[in-house]
Each structure stands twice: as C-alpha cells, then as structure tokens.
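Have it open while you read; I've kept to the charged side chains and a couple of helices.

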Amino acid sequence: MSKTISAIVIEDEKEALNYLLSILKNHFNEIEIIGTSDTIKNSIKILNNSAPELVFMDIELLDGDAFEILDSVKNHNFEVIFITAHNNYLKKAIEYYAFNFLTKPIDIDHLKKVINRYIELKKRLYTKQKYVLFKEFLSESKLLINTGNEHIAIDTDKIIQCEADGNYTILITSEKEKFLASKALKYYENLLLEKGFFRANRSTLINIKHIHSIYKKESITLSNKEKVIVSVRNKSKLSELIKQLA
C-alpha cells in the first residue's frame, strides 16, 4: 500500500487556499498536493488528466458550484472532502457520497480527525486496488458484507439500521431482511458515518434517509416504525444534524 496520498485542492479564495495548503504541509506528510484549481473548467481538466486519491473541494466557486465538476468528471475514483461556509449543502453533499463535509473557517483538529479516518480506512482495505473496488461499490450505493459463509451486496439506501450484536452486526433493510455480518458495529460506523448514517447510541447506527420523525431530540422513529433512543452523549450531535437538515 502506498504511503503517499495524492490530493488536489479546489478553492477560489486565495487566502483560504493558502491556509489549507499550510495545514496539510505542516501536519500531514502523507499527503502530496499534485494540483490546485479555482474554476470549474480547470478543475474538470485536472481531475480528468490526473489520478488523485483525495480532493478538497470548495462548493461555491466563482463560475458555479462544485457539483458541476463531479457531474462532468469521467472517472470518479477519488474521495471528496467538501469545504464550504454554508451548512445548507450537507444533504446534497451526502447525495454525492462525500467522504466528509467541513465548514469554514476550517478547524484544524476536526480536519486532522477526518484525514486520520481516511488514512485508517485506507490501511484497513490493504491495497489501493481494493480501495478503488470499495469506492465503486459505495458510489453505486452498494455495501459488501461478510456473513461468514458468503459475501452479500446490499444497497446502502435500503439499510434502515445497524445493530450491535457482540462482535457482530445485524443489518436491517427496508425489505424486512436481516443480515448478521461478521464485523463489529464500529467497523460499519467507520464505513457509513460519512455516507448519511448517524450513531444514535452505543448499539445502533441508523440511516438518516429512513428517519420518519424525531421526538424532543430524545428518540427517533424510523421508516419501519422502529423507535431508537438517542444516548445522552449523542444528543448534541442529533441537534446539529437537525440544524443542518432542517
């Protein structure tokens, strides 16, 4: 597995660009910046002619929004960390399978956590080829789970919740299926947290697309009528989620 992570930064504010480049240079030796861009047209050209693993992307550019770039790039084999001054893009960022979503001004500690999570994920997947395969599955809303005797591909949009069962995880789908996966809940949290899933409590991970209602920031009713209690430590995260989606 290559220790270097090739990255491109797309940002049209010079001060913000220099600040991010400085953070990456001073704190992340693993990241190699192979290009920068400040327009949609130039960004499409760079991404089509290079092979970055990671793209830091400002959403609002002078000539449009960054989603136009992703719609136009031929081979989307990279992860995206969106950076914006506006929270109202979160839902759309999830739709584009962003690895993470950061708001300006960038908090260095938060950025460190995001990048370290990416690095750990890459390590777990052992090789870049396996990582690309995994990315293709997620870009198609697919998750490959190991049930012990076989690997089963599940549409992540159909996953309502993931429940801890010791060192295993039970995945419940909208088609009333239950799969016992031979990985702990933490493993699936790391894979799915940035794909529109929310850790409600110690034993439950839910798909926010299947939230039916939220009662007093204490419990969440899902599309299958299941009621999930939100732990005290996660209530602040739920409040933030409500603020971003409302």
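Which are the buried residues of helix H7 (residues 185-192)? Point 1 takes that up, after a word on the ground rules. This is a predicted model, where local features need pLDDT of at least 70 and side-chain atom pairs count only at pLDDT 80 or more, while totals for chains, interfaces and linings use all residues. Residues are numbered from 1 along each chain as its sequence is written, and side-chain values use heavy atoms, with hydrogens and water left out.

1. In H7 the buried residues (under 20% relative accessible area, with a 1.4 Å probe and protein chains only; exposed is over 50%, partly exposed in between) are Leu185, Tyr188, Glu189, Leu191 and Leu192. Looking down the axis of H7, they fall within an arc of 165°, so they line one face of the helix. That arc is taken from the directions from the helix axis to the C-beta atoms. Helices here are DSSP runs (H or I, at least four residues), as are strands (E, at least two), numbered from the N terminus.

2. Glu189 has a relative accessible area of 9%, so it counts as buried, yet it carries a charge partner: its side chain meets that of Lys186 in a salt bridge (3.5 Å, N to O). A salt bridge means a side-chain nitrogen of Lys or Arg within 4 Å of a carboxyl oxygen of Asp or Glu. Lys186 and Glu189 are 3 residues apart in H7, so about one helical turn separates them. Salt bridges with shared partners join Lys186, Glu189 and Arg199 into one network.

3. The count comes to 4 salt bridges. One of them pairs Asp157 with Lys209, with the closest N and O atoms 2.8 Å apart. Asp157 sits in the loop between S9 and strand S10 (159-165), and Lys209 in the loop between strand S14 (204-207) and strand S15 (211-215), 52 residues apart. Both are partly exposed, Asp157 at 31% relative accessibility and Lys209 at 45%.

4. The loop between S9 and S10 also holds Lys158, whose side chain forms a salt bridge with Glu175 (2.9 Å, N to O). Glu175 is in the loop between strand S11 (168-173) and strand S12 (178-181), 17 residues apart from Lys158. Lys158 is partly exposed at 32%, and so is Glu175 at 46%.

5. Back in strand S9 (residues 151-155), have a look at Ala153. Ala153 is partly exposed, at 43% relative accessible area. Its C-alpha atom is 5.5 Å from that of Leu143, 10 residues apart along the chain.
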